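This report describes selected strands, helices and residue contacts in the structure shown below.

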Amino acid sequence: MSAAQKILEESGDIMAQAEQYAESKAEEAKEEQRRRKKLLIKLGIMMTLTVLILVLTTIAWFASNVSTTAGGMAVTAGGATFSLATKEQYISYEDVLKSADSTYDSGTEKTLTDENGDDGTFYISGGSLILHCVDQSDEDEQAHGNKDIQPGEWDKFNLYIVPAEAGDLTANITLEVIPFATLEVYNSDGTPKYVLGENGEPVTVNGKYVHETELVRITTRAEFVAKAQELHNTKAENDADEYLASAEYIKGHIMFFGGANNNLDEEDPESFYFTDPYTDGTLTFTGTALETDHAYEIPLYWMWPNTLGQIALPSADGRKGPAVVSDSDSTEKAALVDYLKDNKSKVFANLGTLYEGKTDSEINDAIDSVAATPSDSANFKKLSEGYNKADFHIGTYISYFAVEINVDKQA
Amino acid sequence: MSKIKQVFERIGRLPRKTKIKTMLILAFVVCLTVSAGVYAWFNAQKKAAEMFKVEFPNALYINAGHREDRVNFELGAIDVEQLDGYETDEYGNIIYFAPNTYDTPLYLFDNGVQQFNEDDSPKYDTENGVPHKVKSKQYAFSVSGAGMDSFILQLGHTTNNKLNYRIYNAEQFTTIGAAITAATWDEVNPGTGEEEPVVHYESIVKYDTSANSHTEGQPVVAYDPFDDSEEANPTTLYYVKKGAALTDLSTGKGYLNQDGSSKLAKKQTSDTYYKETYKTYTNVQDNAVPLYCQAVIPDPADEDDLIEIDENKGFSRYFILEVTWQTNELGQSLANQSEDKETDMLYLSAKRN
């Protein structure tokens, strides 16, 4: 081989080597690139995720807390929230309600359109709303809205729902009766605690000292007794069972309805009755093609029937006062009778004494026989006595009650 | 950047199991965060509420004076002499009382020495003392309750004794002075022919309170609107008649089943009240058939008569039941004609109007 051929061979090798080296370097660079790419992708995903979380949280914050008036923040998505609104100028025992639950507010005035297309003045709240009512008294008092309730009374809730987005809306509503007692406060030595004036001396009203009192929500026996002990009120402590029983009675005696036939004709008590009893304390509101800035009424009535006959008797024969539901509506009547049977310990007092030794189903039979035609007068007298006794207990031990309406939008 | 790279490299270097655990935990945390946001977004609950006050039940109680237990309302026995003439002591002498007192006798003293009669009965200062007319026996009772503005007061009684029953409105006083002022009104003095204020001691009923007996009946309402335990608990109260009689047997006012002008109840089976009690049975003694009377409180004819209520809609009204002897057509008392002992039964009741 000549030297030129050798040189060519060698340069060929070198070139091959150089190519190999370049290739491997290129591969390394590519690998480096690939690695970098992977890292970038991973980073990218992480960043996107973080941003997404932040955005979602922010949206949730804005969307759930409407009182943060982010005007113009039209964060509308399927399933946006709503507000509750009420009508009329006066409020019943606003200060008592606020002292029991300070999260309630009386709403801000706003002009909204009702279902009929008329504009009206409403009071709207994004949180917990105190419902308004019409003037209750014709006297020139300060507290125009205060409602003092006795058996036989009824009224309507001025409850409206204002959607935040146009479209359909379904809401589940639950009703709860919350009883309160007013307990007198005593000192630890048993002497009454009087309300003191600014000078530290007891205040006198009409020449008498004013006994200090405290509003107590009645929940469980243990809590009530603890509260009574805190106020050194031994009588309340000893009567704890009566207070608790009365709390159950008011829950059983206040009934809710979806409609009312308001033709109260003095000559014909039959002309007045309620419809749509909500015997389990729940109802559903369904609205289709709703518009924003419109207030849609949720028809809701409450009644405290005066006598058992208004609930259970099949006809006006022997009944005092208007029927709760129409006698001719057998479904609704049957629903009320079922309500009595399912809640008898909340509706009737002293069942153990009135029906001593009787089983639960025997008392149910008694209730059925009162509602049958002809009505069983012996059982009617007994059960009436139980009903009236429960009313008396309510009047004696319960001083206030609140009706709380929870509106949950169906997702 | 490099730090993040380091973290990832670290994770990459971890043993497989730990790597899986870490990734799982991270994924879990992310899911939780996202779901919390979504939940808050979807869950929109609003509340509305209204507050009501429960009124006291319509309660009505009849009690003795000072709104004490009914046990303290005693009619007791009536002496024939007690309902006639003037108040006398145990010796039968008319007592002269110190003026402006309820029952303090004014004995006669001569130079500090008390004077007595021959039979050892004390002498009274007839010049300065005042005799108290006793024409009737009076009993105070109260009707109290809550949650109503009108009730009917009812009295049913037998007629064995020749007695007149009257019910009056009464006012309660804690001092004798105030009671005397209320019991003083003008009368024509037969001697001078002029009107002058006269204290009608016989219109005053003294009531001795019983300790620990001031109740309203059972069950006790949450507030006792007339609880006066903060004030000095009075040991004696005075009730004074006010106004005209609400029911009066002598005139028949308020009576529902009086037989004509006689002081007996109708005994016909056609009479509502007789029929209700006896049905068709007619073999009943005349005086056993009860007389019924009632009065609506407050008097519907009197605009100013109102049941005063406190802020808890509770009220309390006092009444005096006055028992006197019936008189004949000449106005003479029939006291002397009754020598036999007889018993009458009285029923007082109150009903919501």
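## A three-strand sheet in chain B

Two strands are said to pair if DSSP finds at least two bridges between them. The model discussed here is a predicted one. In chain B, three strands make up an open sheet in the order 14-8-16, with antiparallel pairing. Strand 14 (291–297) and strand 16 (346–352) of chain B are the edge strands, and each of them pairs on one side only. On average, neighbouring strands of this sheet are turned by 20° against each other, direction ignored.

Strand 8 (residues 151–157) of chain B is joined to strand 14 of chain B by seven bridges, and the two run antiparallel. Within this pairing, Gln154(B) has Gln294(B) of strand 14 as its bridge partner. In general, the strands of a sheet pair through backbone hydrogen bonds.

How many of the 13 residues of strand 13 (residues 236–248) of chain B are buried? Ten of them are, so the strand is largely enclosed by the rest of the structure.

Strand 13 of chain B pairs with strand 9 (residues 163–173) of chain B through seven bridges, in the antiparallel sense. Here Ile167(B) lies opposite Thr247(B) of strand 13. Strand 12 (residues 204–208) of chain B also pairs with strand 13 of chain B, antiparallel and over five bridges. In that pairing, Thr236(B) of strand 13 has Asp208(B) opposite.

## Chain B as a whole

Chain B contains four helices and 16 strands. It has 353 residues, of which 38% count as buried. The chain exposes about 20500 Å², and carbon and sulfur atoms supply 51% of this area. Among its contacts between residues at least 6 apart in sequence, 74% join residues at least 24 apart.

Lys123(B) belongs to the loop between strand 5 (113–114) and strand 6 (130–131) of chain B. Its relative accessibility is 33%, and it therefore counts as partly exposed.

Apart from neighbours within four places in sequence, Lys123(B) contacts Leu106(B), Tyr107(B), Leu108(B), Gln115(B), Phe116(B) and Asn117(B). Ile95(B) is 28 residues from Lys123(B) along the chain, and the C-alpha atoms of the two are separated by 8.8 Å.

## A four-strand sheet in chain A

In chain A, an open antiparallel sheet is formed by four strands in the order 7-17-13-14. Strand 7 (154–156) and strand 14 (272–277) of chain A each have a single partner strand, so one side of each is left without a neighbour in the sheet. Neighbouring strands of this sheet are turned by 45° against each other on average, direction ignored.

Strand 13 (residues 255–262) and strand 17 (residues 301–303) of chain A run antiparallel and are joined by three bridges. Phe257(A) is placed opposite Tyr301(A) of strand 17. Helix 7 (residues 330–342) of chain A packs on the sheet and touches strand 13 and strand 14 of chain A. The direction of this helix makes about 75° with that of strand 14 of chain A.

## Helix 11 of chain A

Helix 11 (residues 377–397) of chain A has 21 residues, and at 1.5 Å a residue it should span 30 Å. Its end C-alpha atoms are 30 Å apart, which agrees with that expectation. At the start of helix 11, a side-chain oxygen of Asp376(A) comes to within 3.1 Å of the backbone nitrogen of Ala378(A).

Technical notes
Residues are numbered from 1 along each chain as its sequence is written. Chains are lettered from A and ligands numbered from 1 in the order in which they are written. This is a predicted model: local features need pLDDT of at least 70, side-chain atom pairs count only at pLDDT 80 or more; totals for chains, interfaces and linings use all residues. Side-chain values use heavy atoms; hydrogens and water are left out. The expected span of a helix is 1.5 Å times one less than its number of residues. A polar contact is a pair of N or O atoms within 3.5 Å; within protein, one must be able to donate a hydrogen and the other to accept it, and residues adjacent in sequence count only if both atoms are side-chain atoms. Axes are lines fitted to C-alpha atoms, for helices over the stretch in contact, and angles run from 0 to 180 degrees between N-to-C directions. Buried means under 20% relative accessible area, exposed over 50%, partly exposed in between (1.4 Å probe, protein chains only). Contact means heavy atoms within 4.5 Å. Accessible areas come from the Shrake-Rupley method with a 1.4 Å probe; for residues, only the protein chains shown count as cover.
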